[in-house]
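Reader: Hi, I'm new to this one. Can you walk me through it?

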Amino acid sequence: VKSGTGTPAAALQRLLLRYNAETEEQDACKSDDAQELGPGGMVVPVSASTFRTPCADIKEPATTLPRCMGDADIQPVAAAAAAAAEDAGSESADSDDDDMDGPLKGVPPLPELRAPRDTCTDLRLVQPPRFLQSGYEMLCAPAKEDVGGGRANKSTSPQELPVAAHARVASALATLPSLVRVSPPELSQLAQPLCSRVLRIGSQPGWEEEVARDRRAVLVSLLVAEGSRRHALRQLITEFAADDHSLVTRGLILQVLSDAARELSNDIHEPSQQRLAQSVPLNSKHSPDSPASKDGPSSNNGRVRRFASATRIPPSYVNRFSAELRHFLHPLIARWRQPDGGAAKWAATDSSLLGSLLRCLGILLECGGRACPDRETAAVACLDVAQECLLHQEPYVRRCSAFVLSRILLVGCETLLVSRPFLLEHLETAPFYEADAVCRKMLGGILAWLGQSAACLLGGNV
């Protein structure tokens, strides 16, 4: 295009026609093998005009236009390009992902949702009870369903599946301890029925340990709670020598009494490893790795620096079991001596149950402590039972008898052992005829304890 020949509009039209012709030739070369499906599924070759770009869609920047175009022709094209760019920018600014210009502009973000952790309780087969009365009803029978506005009787209600029965009992047993410790108003009325029902709950094969653990927790909570302690204790001691219980259930009652005594007395012992670590000094001269043992006392010019700290006083706890000892120990011994007929009378002489009873008596006496107002009477009652079982044919029973004697010494009742000549003679001759090594060692320790305190007890006449 030469300047002065024709108008700028005619020159631009000729340039666009030439550009379309060149584009058509290039597309024709690239689409020789291209084909498409026509009407009726016929294969039709694709023409070059299919790939032709309309002239209206070509937008060239103003800098690529021919120099023959004047400013009057360039300004409309540049204005149209600027308007298109502005429209594209406004569309991106008004997208749904950006709310800066919306009605929530300037509003701070919402805080994180702090909802309680989902325990999926709504997906359980049986929902846990919320009240003590409902928990007791779940232990007794499945929940009744409404039929026509009334309660369904046993003849119309379907039989409960074993899986559903186990889930119902397990859910009730797992929830009852927390409900009992809250001390609801109906606790005193439901204490004895709960004890009787929990002791008679059976379990499916494979679930014995889980059910036994939950039963134990429920009974301990009933003995610890203030509103149900006396009622539950009376019921458990009565059931201990009842005729319709197995040895496992009677042993469970003794374990529950021991656990409740420990919890009421706040019997928290420090681990032996921690006590051993605190008893060893930091700079021990007997340590093989210490410099003093390697180089001798002259390594530090005969001067040793020791660091000492104040003795840590152990925390003190209130012993709530001290006033409850007489309500636990004396009725239990009396019930053991007067069981019901039949299986209960036979179970009272069983060696395993007798050993568990002696162990329970020793724990109760120890939890009562030295400051117990009923220490003397409780120690005399325990000593009578231990002396009767000290010559038992089973080694386990003799060990438990020696354990009771050690608890009597622990609470400060040495005079009771010294005042019984038969018991002292047995302790002195036990190393010669006692066949069980553990029992012989325990009796020897008791005799050594008495020998160390004999000078104080007898006024020096040993």
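This is a predicted model: local features need pLDDT of at least 70, side-chain atom pairs count only at pLDDT 80 or more; totals for chains, interfaces and linings use all residues.

Reader: OK. Which residues of α13 and α14 meet?

Author: From α13, L354, L358, L361 and L365. They meet R375, A378, A379, C382, V385, A386 and C389 of α14.

Reader: How many of those are nonpolar, polar or charged?

Author: In the contact of α13 with α14, ten are nonpolar, none is polar and one is charged.

Reader: Left-handed or right-handed crossing?

Author: Left-handed, as α13 passes α14.

Reader: What about α14 and α15? What's the angle there?

Author: About 155°, with the axes of α14 and α15 9 Å apart. α14 is therefore roughly antiparallel to α15. The crossing of α14 past α15 is left-handed. Helix α15 spans residues 395-410.

Reader: Which residues meet there?

Author: α14 brings A379, C382, L383, A386 and C389. α15 brings V397, R398, S401, V404, L405 and I408. That contact of α14 with α15 has nine nonpolar residues, one polar and one charged.

Reader: What does R398 touch, leaving aside neighbours within four places in sequence?

Author: R398 is in contact with C389, L390, H392, Q393, E434, D436 and C439.

Reader: Now R168. Where is it, and is it buried or exposed?

Author: R168 lies in helix α4, residues 162-181. R168 is buried, at 10% relative accessible area.

Reader: And which residues does R168 touch?

Author: Not counting residues up to four places away in sequence, R168 touches V126, M138, L139, C140, A141, P142 and E160.

Reader: Switching to L417. Buried or exposed?

Author: Buried. The relative accessible area of L417 is 0%. L417 is in helix α16, which runs over residues 414-418.

Reader: What is in contact with L417?

Author: Setting aside neighbours within four places in sequence, L417 is in contact with L383, I408, L409, L423, L424, I446 and L450. L383 also takes part where α14 meets α15. I408 is on the α15 side of that contact.

Reader: How far is L417 from V380 in space?

Author: 9.6 Å, C-alpha to C-alpha. In sequence, L417 and V380 are 37 residues apart.

Reader: Which residues of α7 and α8 meet?

Author: On the α7 side, R229, L233, L236, E239 and F240. On the α8 side, R250, I253, L254, V256, L257 and L264. The contact of α7 with α8 divides into eight nonpolar residues, no polar ones and three charged ones.

Reader: Now backbone. What is the phi of S183?

Author: Near 60°. That is a positive value in a residue other than glycine. Most residues other than glycine have a negative phi.

Reader: Where is S183 found?

Author: In the loop between α4 and α5, with α5 at 187-199. S183 counts as partly exposed, at 39% relative accessibility.

Reader: Zoom out. How many helices and strands are there?

Author: The protein chain has 19 helices and four strands.

Reader: What share of residues is buried?

Author: 31% of the 462 residues.

Reader: Last one. Of contacts between residues at least 6 apart in sequence, what share joins residues at least 24 apart?

Author: 74% in the protein chain.

Conventions. Residues are numbered from 1 along each chain as its sequence is written. Side-chain values use heavy atoms; hydrogens and water are left out. A crossing is left-handed if the near helix is turned anticlockwise from the far one by less than a right angle, and right-handed if clockwise. Helices (H or I, at least four residues) and strands (E, at least two) are DSSP runs, numbered from the N terminus. Contact means heavy atoms within 4.5 Å. Ala, Val, Leu, Ile, Met, Phe, Trp, Tyr, Cys and Pro count as nonpolar, Asp, Glu, Lys and Arg as charged, and the others, Gly among them, as polar. Buried means under 20% relative accessible area, exposed over 50%, partly exposed in between (1.4 Å probe, protein chains only). Axes are lines fitted to C-alpha atoms, for helices over the stretch in contact, and angles run from 0 to 180 degrees between N-to-C directions. Angles under 35 degrees count as roughly parallel, over 145 as roughly antiparallel, 65 to 115 as roughly perpendicular and the rest as oblique.
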